[in-house]
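Here is my note on the model, written as numbered points so that each can be checked against the structure. Please keep the structure open while reading.

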Amino acid sequence: MSVTPERPVGDPGLLSGAHAERAAELVRIIAERLADPVTVATVSVADRTPAHGGWAATGLGRGHSGVASFYGTLAWSDSRWAATAHAHLRAAVSAIPSEPSAGLALGPAAVLSAVQTCSAREGDYSALRRNLLGAVAGRLRERLNAPQAGIPGTAGVSGREHDLISGCTGVGRLLLDAVDDETAAHPDTVEAFQSTLRRLVRLTEPIKVNGRPRPGWWTVPSTGAALPAQASNDIFEVGMAHGIAGPLALLSLSLSRGHVVPGQAGAIEAVAEWLVAQAHRDAHGPYWPARTGVEREPGPDGSRCPAAWCTGAAGVAAALHLAGVALNNVGWRSIAVDALRAAMGRNEKEQRLVGPTVCHGHAGLIQALHRVGTAAQDPTLLTAARRMARRMMDEADEDAPFVFRHSVPDIEDGKVTRWTGVDAAGMYEGAAGCAAALLTVTPDHLLGSERRSADRDAAAAWDRILLLA
């Protein structure tokens with residue numbers, strides 16, 4: 001399909017002309033392809049590789065919960081899709097007893113996230129939300145009260161204790177919305193949420209490892225071996241999905257919305273200043289390595305953090321901007337905007353995006369650019385979001401079952417030899433996330449007549465799972 005050049009529009013955050021029409025067309029096609037829960041599950045189960053975890057019915061990444069979140073968002077434009085969202089929610093709920101719970105990504109919390117997104121009107125799914133909140137808050141309380149994983153006799157945390165995907169941070173983001181929602185209140189919600197904030201504040205308190213000072217989010221080596229005296233196994237995860245940027249985003253969002261526990265402002269400042277100190281610079285501007293350590297500077301090969309949301313500059317910059325808003329720190333907001341501009345100034349190879357999907361690809365970067373660009377009122381970032389959307393649309397393959405395919409690595413001898421596309425349907429790793437990102441930059445009138453412009457932020461609330469808002 002040929003596409004004519006885009007003309008300037010009144011809203012710099014939205015596509016226009018043929019590009020906008022193409023985006024709306026792709027959203028409609030994906031909506032039709034993902035509509036039947038049985039077909040989606042069948043296709044997803046059939047197409048997998050050893051590196052791809054396959055289908056998980058409750059999952060946000062590649063399951064019914066992620067698909068339902070897309071339809072819940074689309075229903076803001078056209079309420080006819082609410083029934084399709086309900087069908088996927090029903091399938092996700094029915095799978096809860098047979099699947100494990102893994103933080104935000106899988107189990108009751110994943111389903112709760114979808115239900116929150118599908119609650120377009122006050123009171124929708126209130127009983128289901130209340131029941132899920134009880135289960136989620138109870139499991140989180142047990143997790144927070146359990147002994148922290150680590151090497152006996154040392155400080156530090158396990159690699160997944162506080163992350164967004166499988167740790168307490170992602171679940172805490174759902175509770176943040178829940179404590180403000182009286183229509184689905186549960187008696188355990190407030191305490192579980194405040195316990196999460198307190199845990200994340202404690203995470204920022206300095207510790208000593210082998211007698212040396214370290215930030216409290218120092219990560220225990222995954223091997224479980226004793227640490228050598230020189231502490232050469234220092235690991236600090238930086239990014240939004242698995243690193244300290246996730247807790248920073250939750251602490252900052254909570255503070256901005258009036259939810260405060262002792263030490264929260266100081267914790268935000270400690271993490272934000274640490275991230276600023278970890279920033280590297282090249283000719284384009286600041287960037288962060290996906291991991292860093294006190295004893296070991298990342299080398300020139302592979303040190304550049306990708307632009308992606310998951311472990312890349314998009315997520316780190318978004319978290320730092322949220323911190324700057326929460327504590328009114330112009331410097332943090334400035335470096336966040338500079339880092340996103342720098343990421344878009346690098347060539348495609350340097351950006352190291354992998355495919356169209358949310359986690360490591362174009363869709364997550366689109367959402368981060370749009371969120372920060374809107375908050376900062378920065379037309380450069382909003383223009384970049386449109387440019388990234390056009391690039392993502394170039395990856396559409398209408399012969400593929402779900403139009404956009406998720407890229408997974410083929411690994412030999414510990415190295416990625418190539419990337420293979422798989423047919424995944426969910427939000428983090430599938431076509432639903434691509435379509436949701438396109439909804440963000442597509443004009444309302446091309447999607448349906450029911451949504452008002454004032455509803456746009458609420459309609460994009462699916463990205464709570466990215467901790468962008």
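**Notes on the predicted model**

1. Trp 309 counts as buried, because its relative accessibility is 0%; buried means under 20% relative accessible area, exposed means over 50%, and partly exposed is the range in between, with a 1.4 Å probe and protein chains only. This is a predicted model, in which local features need pLDDT of at least 70 and side-chain atom pairs count only at pLDDT 80 or more, whereas totals for chains, interfaces and linings use all residues. Residues are numbered from 1 along each chain as its sequence is written, and side-chain values use heavy atoms, with hydrogens and water left out.

2. For the overall picture, the protein has 17 helices and 8 strands, where helices (H or I, at least four residues) and strands (E, at least two) are DSSP runs numbered from the N terminus. Of its 469 residues, 59% count as buried. Among the contacts with a separation of 6 or more, 66% are between residues 24 or more positions apart, a contact being heavy atoms within 4.5 Å.

3. The structure holds 5 aromatic pairs. Rings of Phe, Tyr and Trp (its six-membered ring) pair if their centres lie within 6.5 Å, and planes under 30 degrees apart count as stacked, over 60 as edge-to-face and the rest as tilted. One of the pairs is formed by Phe 236 and Trp 274, and it is tilted, at 5.8 Å centre to centre with 55 degrees between the planes. Phe 236 is in strand β3 (residues 236-237) and Trp 274 is in helix α10 (residues 264-278), so that the pair links parts of the chain 38 residues apart. Both Phe 236 and Trp 274 are buried.

4. How are the planes of Trp 309 and Tyr 428 set, stacked or edge-to-face? The pair is stacked, because the planes lie at 15 degrees, with the ring centres 5.8 Å apart. Trp 309 lies in the loop between β6 (291-292) and α11, and Tyr 428 in the loop between β8 (415-422) and α16, so the pair ties together parts that are 119 residues apart in sequence. Tyr 428 is buried, with a relative accessible area of 5%. Elsewhere, ring pairs link Phe 70, Tyr 71 and Trp 81 into a cluster.

5. The axes of helix α11 (residues 313-326) and helix α14 (residues 362-376) come within 9 Å and cross at roughly 25 degrees. Axes are lines fitted to C-alpha atoms, for helices over the stretch in contact, and the angles run from 0 to 180 degrees between N-to-C directions. The two helices α11 and α14 are therefore roughly parallel to each other; angles under 35 degrees count as roughly parallel, over 145 as roughly antiparallel, 65 to 115 as roughly perpendicular and the rest as oblique. Ala 314, Ala 318 and His 321 of α11 meet a set of α14 residues that includes Leu 365 and Val 372. By class, this contact of α11 with α14 has 7 nonpolar, 1 polar and no charged residues, where Ala, Val, Leu, Ile, Met, Phe, Trp, Tyr, Cys and Pro count as nonpolar, Asp, Glu, Lys and Arg as charged, and the others, Gly among them, as polar.

6. Helix α14 also meets helix α16 (residues 431-441), and their axes come within 9 Å and cross at roughly 30 degrees. That angle makes α14 roughly parallel to α16. The residues in contact include Ile 366 and His 370 of α14, together with Cys 434 and Ala 437 of α16. By class, the contact of α14 with α16 has 5 nonpolar, 4 polar and no charged residues.

7. Helix α8 (residues 189-203) and helix α9 (residues 245-256) have axes that come within 10 Å and cross at roughly 125 degrees, and α8 and α9 are therefore oblique to each other. Among the residues making the contact are Phe 193 and Leu 200 of α8 and Pro 247 and Leu 251 of α9.

8. Two residues deserve a check of their backbone angles. Most residues other than glycine have a negative phi. Asn 328, however, has a positive phi of about 55 degrees although it is not a glycine; Asn 328 lies in the loop between α11 and α12 (330-345) and counts as exposed, at 60% relative accessibility. Leu 467 has a positive phi near 55 degrees, is found in the segment after α17 (456-459), and counts as buried at 0% relative accessibility.
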